[in-house]
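Please examine the sequence and the structure shown below. The briefing that follows describes how the parts of the chain are arranged.

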Amino acid sequence: MRSEAERARIVAESLLPGAQVSDVARKHGATRWQIYDWRRRFRQRGRLPPCEASPPTFAPLVVEGGLEEHQAPAIKLEIAIGDVVLRTDTAIDAEQLSRVIRAVRASR
């Protein structure tokens, strides 16, 4: 059984910048889940080491080269009704296409 002070030292080490919880756990013969549990308990009691209380830092986003908008090529649709050929792309509304087909059939 680990003392409160020993758990606090392990938790503090796991919170250092760049520390991996699994590496810290392995080093001290513990499991990741034990360390996460210890963190939670310290947090609940308001005794979390100050290194976690600091706000997170973020790296700036750097985009190299222009972002190009990639559009899917338009797919053409061709429907032959007798000697009438309807040409459109697949972006046509299904209800609108149905009305056009009914109109072509009715005009024949």
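In helix H5, the residues Leu97, Ile101 and Val104 are buried, where buried means under 20% relative accessible area, exposed over 50% and partly exposed in between, with a 1.4 Å probe and protein chains only. The model is predicted: local features need pLDDT of at least 70, side-chain atom pairs count only at pLDDT 80 or more, and totals for chains, interfaces and linings use all residues. Residues are numbered from 1 along each chain as its sequence is written, and side-chain values use heavy atoms, with hydrogens and water left out.

**Helix H5**

- Helix H5 spans residues 94-107, a run of 14 residues.
- From its first C-alpha to its last, H5 reaches 20 Å, close to the 20 Å expected at 1.5 Å a residue; the expected span is 1.5 Å times one less than the number of residues.
- The exposed residues Ala106 and Ser107 are carried on the face of H5 turned away from its buried side.
- Strand S1 (76-81) and strand S2 (84-89) are included in what covers the buried residues of H5.

**The chain as a whole**

- The chain has five helices and two strands; helices (H or I, at least four residues) and strands (E, at least two) are DSSP runs, numbered from the N terminus.
- Read from the N terminus on, the elements follow the order α-α-α-α-β-β-α.
- Of the 108 residues in the chain, 18% are buried.
- Among contacts in the chain with a separation of 6 or more, 39% are accounted for by residues 24 or more positions apart; contact means heavy atoms within 4.5 Å.

**Helix H2**

- Val21, Val24 and Ala25 are the buried residues of helix H2 (residues 21-28).
- They are on the same side of H2 because they cover an arc of only 100 degrees around the axis.
- Arg26 and Lys27, on the other side of H2, are exposed.
- The cover over the buried residues of H2 includes H1 and H3.

**Packing of H2 with H3**

- Two packed helices are described by the angle between their axes and the distance between the axes.
- H2 and H3 pack at an angle of about 105 degrees, and their axes are 8 Å apart; axes are lines fitted to C-alpha atoms, for helices over the stretch in contact, and angles run from 0 to 180 degrees between N-to-C directions.
- H2 is therefore roughly perpendicular to H3, a term for angles of 65 to 115 degrees.
- Val21, Ser22, Val24 and Ala25 of H2 make the contact with Arg32, Ile35, Tyr36 and Arg39 of H3.
- By class, this contact of H2 with H3 has five nonpolar, one polar and two charged residues; Ala, Val, Leu, Ile, Met, Phe, Trp, Tyr, Cys and Pro count as nonpolar, Asp, Glu, Lys and Arg as charged, and the others, Gly among them, as polar.

**Packing of H1 with H3**

- The axes of helix H1 (residues 4-14) and helix H3 (residues 32-44) come within 10 Å and cross at roughly 105 degrees.
- H1 is therefore roughly perpendicular to H3.
- In this contact, Glu4, Arg7, Ala8, Ile10, Val11 and Ser14 of H1 meet Ile35, Trp38, Arg39 and Phe42 of H3.
- The contact of H1 with H3 has six nonpolar, one polar and three charged residues by class.

**Residue Arg7**

- Arg7 is found in helix H1.
- Arg7 has a relative accessible area of 17% and is therefore buried.
- Apart from its neighbours within four places in sequence, Arg7 is in contact with Met1, Arg2, Trp38 and Phe42.

How values were computed. Parallel < 35°, antiparallel > 145°, perpendicular 65-115°, else oblique. Arc of directions from axis to C-beta.
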